[in-house]
Each structure stands twice: as structure tokens, then as C-alpha cells.
Amino acid sequence: MSPLDFYPASPKEALAKQYVGKSIRDVPTPAAVLDVSAARRNCNRMLQACEQLDLGWRAHVKTHKTVELTRLQVGDDAKRPANLVASTLAEAEFLVPLLQEYRSQGRRVNIMYGLPFPKNALSRFAAIAKALGEGGVSILLDDPAQLPIASQIKELSGVAPHAYIKVDMGGRRAGIPVDSAQFATVTEAALDAHSQGSIILSGMYSHAGHSYGGDSRAAAIKMMGAELSALLDGADRVRSKAAEKGTANPPSLTLSAGASPTALSVQNLVSGKHGDDDVTPELQTEVDSLNALLKTIRDRKHGVEIHAGVYPTLDLQQLAAHSIKATHLSWGDVAFTLLAEVHSIYPGRGADGTDEGLVGAGCIALGRETCKAYKGMAIPTPWGREGVELPTCDVEDYTGWMVGWVSQEHGILQWRSGSKTQVAEADKKLEVGQKLRLWPNHACITGSHFGWYFVVDEDKGDEIVDIWVRTRGW
């Protein structure tokens, strides 16, 4: 029995029968709502940028965990490989039928398990490899003890996994610095396994999670450059070690870089080409530097692949990173919102005699993820609030209601006074029974307790047009 049987997905057909065609105003709260139009725009922009820049693309599915949004992430061009990253085995197993569908159409597919490979994943991952066939799976390595485990994948499935050395270029999460003794040890072990045919050493992989601390387009591009520079250094060290050992060189190495801020930043390399963008001297310097680095990588016969996960839905953390121009990274581009109801109003209870409110979404629904741009957990959208307009300021300057703090099921609405001081009276109005859609700080965490998304389309207002079921478990 598959572990997926113990974490059954929500019944899409029954949910669709119950809710499709109705209004999101009529669903139980809290609820996860996804605007397919915004998600499609975000996905298409990334695919178009990678196409124009001749970059490989690998879509991370950890944020949404759905088949439907995976389709948008990889697009419908059968000539483009459908390369994915999954943060759990359950995500990978859930998407096997989709990848088999693509493979039957002649499309190349590959799914990577996004953690350094553990022993407990062996039997399940081998089953995925067997289901997808040659070239279908990839793993990450950052410890020599993982190589004997990884070698068993081929023994169990008949398929040698592609392997990437996980590089730590400053985030101090998973991975190893390329100038460390451990990197040299992992490289040697990986080359030996590659020579024996138990793995295919394919490249270097990094995740610049600390890029979320950036605050400009130039900073995001600079961080992408730092990622690729570290990966290039690592790839050159692998080649040097292969020559030293006299072993067969691995095939052309792929440098796989990205977190959503750095992955989004590559759009800056194409955004100014059509006269639609103001480029500062600082930004132009970083654009030129990254273009030069990409040329160097290609001159050394390495490939470049970009990966990211939260960019299709976006969230307030991404808005606060300012990694691309505001016309493509704005409040209106955040596709995922949380629907919640106002339960209570507390006149004068807040700071300086301001009102507070109680909304039925606490840390179980929203998470406790912070955003560096403001001290709160979520911000209400204008939806359902007559006379309230979409903000035109940055998150840092926002004035209005926010979920200031949370307990398990309670979210406390508080008034935030940012530098945007002119607000309409409608902005301040709250009523018991009112439903709000909240922009979350971090879409990955906020979505994690929901079994499905109520899918809407901005062109069709509040109508539920589909149900997208999320996979569950690990």
C-alpha cells in the first residue's frame, strides 16, 4: 500500500459538485482561494524569460502541491522538458501520473527530490524512478555517506538517478561550501559512483533562501550572480577532480540556481529591452555583470537552469523583496489569498484608541511567518470592502488593517499607520460577519493546512470555477 493511501487527497469530484459555480462568499471559512488568472500570468512570465534568455527551467511544486498549477508552471510546449522539484516524496508520487502523461506525449520529464537524499526515501523513490524510466529522477547530495544509499536506487529500479551536489552559498541550510573539505570528499565519492554507473553526476544545485532579505532589483540580480558564481566554482572543481583521478568526465554539468527572488530577477535581463522600463545605473551594472557571468558559464560548456516555487502564487514576502519591476510584482499579482470572517469588533482597544477586530484565521490557517516590510501576519485585500482600492504603495508604506498577531484560531486585526497617510473612511470600516480575503506573508506555509483551493478567475468575479486538490503528507 502506498503512503499516499494514508494521506488521501480531498475528493475533487465531490468538492466540484458542491462548490463550482457558487460564490466564494458562500464557502466555509477559513478557506484557501487562488486566482487562476494571476497564477497563469506569473507562470507565463517566468517561462517567457527563460525562453528569451535560453535558460533551463525547473519548477518547484512545494508551494501549491497541485497537478493543475504544475501544468501552468511547465507550460504546454512539448519541446520544453517538464523538470520539477518536490520537497516531499508525497508530492513526487502525486505527480507521477502527470509526468507519465507528458512522457507518453514524447516530452522529457524529470523530478528531483529536493532534500539531500535520505535512507528512508529509498524504496519509494526507487518506485518513482521505475515508473518514470531512464532520466526521470534526480537527487541531491551533500554528504559522502549518501552515495551508498543513492547507489541502491538503480539496484531497485534499474534507473540511475541524475545527481546534483547541493551547494551552500551563504544560506547555511542544506548544502556544502565549494571550498570545504566535505565538498572535495563528496565530489570524489560522486565521481566514483558516476564511473560505476550507479548515478549520473549532472550538476550543482543551490537555493539562496537568504535572498528574501533583499530589497531591490539590483540586490536580487546580485544574489543570483553569487549563486551562479558559487555553482561555477563547484563545477570547475568537479572537472578538475575528474581529471586528477583520470576518470571519465561527467556529462555537461548543469548549474541549477534559484529561490523565488533570484529566479524572478532574471526577468530584469529582458524587461528593459522594449523601452518599457526605467533602468537605474546600479541595476544596469548588475544586469551587465550577470549577462557576462552567463556567457562565461556557457563558454566553459556548463548549462544553466533556474528553479523557484512560490513565484506562481506570490505573497507579501515576495512583494517586500522587490526583485522585479512593480508592474510584474504587485499586490494584484498575488494569486493566493485566505478567506476569513470577521467575528468581533473591539472599539478603542488598540494602540492610541484605535479599534481592533477578531478574524477567524489564526496561526493554524495563516502560519507565523513574518515579513520584513511590516509587523503583521497578513493584510486584507480590497475584496468585499466597498470604496477600498488596491494599494499603490509598497508593503513597507502600507496604511490600513493588518492581522497584527495570531493565536491558534484567532487573528487580531489592528490598524497600521504607514507612510501612506491618506486613506478613505471606507478603509477603516469593519463589520461583524464581513468576509475578508487576506494576503499572506508566506504562501507555502499558509497553504499547508488546506486540502484544496477554491479557484476563481478575476474575469468572473467571485464565481468558483474549479477546485484544485493539494496532496498531503510526506
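**Ala-308.** I looked up Ala-308 to begin with: Ala-308 is buried at a relative accessible area of 3% (buried is under 20%, exposed over 50%, partly exposed in between, with a 1.4 Å probe and protein chains only). Ala-308 sits in strand E9 (helices, H or I with at least four residues, and strands, E with at least two, are DSSP runs numbered from the N terminus). I also checked Ala-308 against Glu-188: they are 120 residues apart along the chain, and their C-alpha atoms are separated by 29 Å.

**Ground rules.** I noted that this is a predicted model, where local features need pLDDT of at least 70, side-chain atom pairs count only at pLDDT 80 or more, and totals for chains, interfaces and linings use all residues. Residues are numbered from 1 along each chain as its sequence is written, and side-chain values use heavy atoms, with hydrogens and water left out.

**Helix H3.** I went through H3 (residues 67–74) and found six of its eight residues buried. Those are Glu-68, Leu-69, Thr-70, Leu-72, Gln-73 and Val-74. Thr-66 caps the N-terminal end, with a side-chain oxygen 3.1 Å from the backbone nitrogen of Leu-69. Just past H3, I saw Gly-75 with a positive phi of about 75°.

**Salt bridges.** My search of the whole structure gave 20 salt bridges (a side-chain nitrogen of Lys or Arg within 4 Å of a carboxyl oxygen of Asp or Glu).

- Lys-12 pairs with Asp-466, closest N and O atoms 3.7 Å apart. Lys-12 is partly exposed at 30%, and Asp-466 is partly exposed at 24%.
- Arg-45 pairs with Asp-333 at 3.3 Å between the closest N and O atoms. Arg-45 is in helix H2 and Asp-333 in the loop between helix H12 (316–321) and strand E10 (336–346), so the pair ties together parts 288 residues apart in sequence. Both ends are covered: Arg-45 is buried at 17% and Asp-333 is buried at 3%.
- Asp-233 and Arg-237 meet at 2.9 Å, N to O. Both are in helix H8 (residues 217–245), four residues apart, about one turn of the helix. Asp-233 is partly exposed at 29%, as is Arg-237 at 37%.

I also noted that shared partners join Arg-41, Arg-45, Asp-333 and Glu-458 into one network.

**Asp-457.** Which side chain of opposite charge is nearest to Asp-457? I found Arg-40, 5.0 Å away, so no salt bridge is made although Asp-457 is buried (Lys and Arg count as positive, Asp and Glu as negative; His and the chain ends are not counted). Asp-457 lies in the loop between strand E16 (452–456) and strand E17 (464–469). Its side chain does make a polar contact with the side chain of Ser-37 at 2.6 Å (N or O atoms within 3.5 Å; within protein, one able to donate a hydrogen and the other to accept it, and residues adjacent in sequence count only if both atoms are side-chain atoms).
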